[in-house]
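Hi,

Here is the model I said I'd pass on.

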Amino acid sequence: MSKTAINLIIGTILLFASSVQAKKPKVDEILVVQKLISHAYEQGYVDSAPIEMSAVEKKVILAKEAKKKRNKKLFNKLIREIKSDLKIIKKRSEVNKLNSQLSSIQNKNLENQQILDELKEQL
Amino acid sequence: MRLVIILILLVSTHSFAKKKQLDYAGLETDYNNLIHDKKYKGFAKTEKQIAKKSVEALINNKVKRKNREQALYQAKHNIAFARLVAEEQWIKNEIKKEKEKAQQLEVNISKTQAELARHDAELARMMLIAQQEEAQRAYERAKQAELLAKNSQNEAELSKQETQAAKAYAQAQAEQAELAKQEAELANEEAQSLRRKLNSIATEKTDKGLMMTLGDFVFDSGKSTIKQEAVDNFSKVVAFINTYPNKKVRIEGHTDSSGSNELNLQLSQERAEAVKALLIKNGIAAKNINAVGMGEEFPVAENTTKAGKAKNRRVEIIILQ
């Protein structure tokens, strides 16, 4: 095979690859974070971090503005922060739930300990 | 003017550097607090490692100037997230411990309840035994009381019977005494009668000589034994014989016709001998006395009647001429 033919094949493959990449649909990051926020509301994460949630919503507004102004750098920064904040909010909510669960078990144990002490006194 | 601008630039650069230093110092403090918190030791290792890398990258100036703000934010986020994950794992660990504790408590409660139930059951059993014992004691007391009552009744009955027996005995004794008295009176009467009969014995003169006849009343019925009363009152007979001291005395025994001849002969002989013995005992010389049994051969009356037979049963004492 001649060198020219090889170059032609490689060129075809690269062209094909670039066309495939170009056809990849563009993700609407605003829509993504809004879905994440809705999910957070549905799951009750807001109860655990209302202030952080409010800050996240403000960041969404700022991101929208940045998008309008085509300030890509700010937009990307805000989107990353929103996602990070939501991750923290989710974790805090989980921790809070676990804390409630722990408190509940501890209270139950205290009650049981009291019951046990009373039973022992009866002996 | 140029100098002023240079100064402003210097001041702003200095203040920016100072702010950066403060941010980094705060970041480092947050990170150190997380790492050295004993509560979270051993938890969120991966997240802590991520946080460490992001903090170190900033402190060691490995982040490009334009990315520093974002890296600082990310580092703070990593520390906060690592803390939350550590907290989550610590809580999960605590929940596990508490659940184990809860399980142990439930086991202990169950055991204690079982022990308590056993204790209660034992107590109930002891009470039941005590009640049974009390019931047994009450039963025994009642039984004892019943026995005592019965004994009292028996004693009363016995006493009554004894009283009755004593009464009967006393009555029997009285009757016996009365009987004895009557017998004594009878005996006395008999003795009196015998004495009178003995005293009233008359002597008669016969061909053989002077004769005194003793009726069969002086002997026990059918025997040759002289009655004690007759022995005691034999003085008249002795006195009669002593009136004739040197005379021979013949004593003849006679019977009625009842029984065989042999027996009658024997009885008459024995009765004659008994009289002889009594006379000897009263001082009459034996050599002068001759006792003879005559049997039924010489009746003085008919043997067909009781009165005749009574007359025939006799002993004749004859002072021979």
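**Helix packing in chain A**

H2(A) passes H4(A) in a left-handed crossing, where left-handed means that the near helix is turned anticlockwise from the far one by less than a right angle, and right-handed that it is turned clockwise. The contact is made by A:Ile30, A:Val33, A:Gln34, A:Ile37 and A:Ala40 of H2(A), with A:Met53, A:Val56, A:Val60, A:Ala63, A:Lys64 and A:Lys67 on the H4(A) side. By class those residues are eight nonpolar, one polar and two charged (nonpolar is Ala, Val, Leu, Ile, Met, Phe, Trp, Tyr, Cys and Pro; charged is Asp, Glu, Lys and Arg; the others, Gly among them, are polar). Contact here puts the C-beta atoms of two residues, placed from the backbone, within 7 Å.

Before going on, some housekeeping. This is a predicted model, where local features need pLDDT of at least 70 and side-chain atom pairs count only at pLDDT 80 or more, while totals for chains, interfaces and linings use all residues. Residues are numbered from 1 along each chain as its sequence is written, and chains are lettered from A and ligands numbered from 1 in the order in which they are written.

Back to that pair: helix H2 (residues 29–43) and helix H4 (residues 50–68) of chain A have axes that come within 11 Å and cross at roughly 165 degrees. That makes H2(A) roughly antiparallel to H4(A). For the angles, under 35 degrees is roughly parallel, over 145 roughly antiparallel, 65 to 115 roughly perpendicular and the rest oblique. The axes are lines fitted to C-alpha atoms, for helices over the stretch in contact, and angles run from 0 to 180 degrees between N-to-C directions.

H4(A) also packs on helix H5 (residues 72–122) of chain A: their axes come within 9 Å and cross at roughly 160 degrees. H4(A) is therefore roughly antiparallel to H5(A), and their crossing is left-handed. Among the residues that meet are A:Ala55, A:Val56 and A:Leu62 in H4(A) and A:Phe75, A:Leu78 and A:Ile82 in H5(A). The contact of H4(A) with H5(A) has 15 nonpolar, no polar and five charged residues.

Overall, chain A has five helices and zero strands. Helices (H or I, at least four residues) and strands (E, at least two) are DSSP runs, numbered from the N terminus. Of the 123 residues in chain A, 14% are buried (20 or more other C-beta atoms within 10 Å of a residue's own; 12 or fewer is exposed, in between is partly exposed, with C-beta atoms placed from the backbone).

**Chain B**

Chain B comes to seven helices and five strands, in the order α-α-α-β-β-α-α-β-α-β-α-β from the N terminus. Buried residues are 19% of its 321. Among contacts in chain B between residues at least 6 apart in sequence, 71% join residues at least 24 apart.

Helix H2 (residues 45–59) of chain B and H3(B) have axes that come within 8 Å and cross at roughly 155 degrees, so the two are roughly antiparallel. Their crossing is left-handed. The contact of H2(B) with H3(B) has 12 nonpolar, three polar and three charged residues.

Which residues touch the most other members of the largest nonpolar core? They are B:Ile251, B:Val275, B:Val315 and B:Ile317, out of 19 residues. A nonpolar core is a set of buried Ala, Val, Leu, Ile, Met, Phe, Trp, Tyr and Cys residues joined through C-beta atoms within 7 Å. H6(B) gives the most to this core, with four residues. Not counting residues up to four places away in sequence, B:Val275 touches B:Leu214, B:Ile251, B:Ala291, B:Val315 and B:Ile317. A second, separate core of 18 residues includes B:Leu34, B:Val55, B:Leu58 and B:Ala80.

B:Lys208 lies in the loop between strand S1 (203–205) and strand S2 (209–215) of chain B. B:Lys208 counts as partly exposed because it has 13 C-beta neighbours inside 10 Å. Leaving aside neighbours within four places in sequence, B:Lys208 is in contact with B:Ile318 and B:Leu320.

**Between the chains**

The two chains do meet: 26 residues of chain B are in contact with 25 residues of chain A. On the chain B side these are 11 nonpolar, six polar and nine charged.

Cheers
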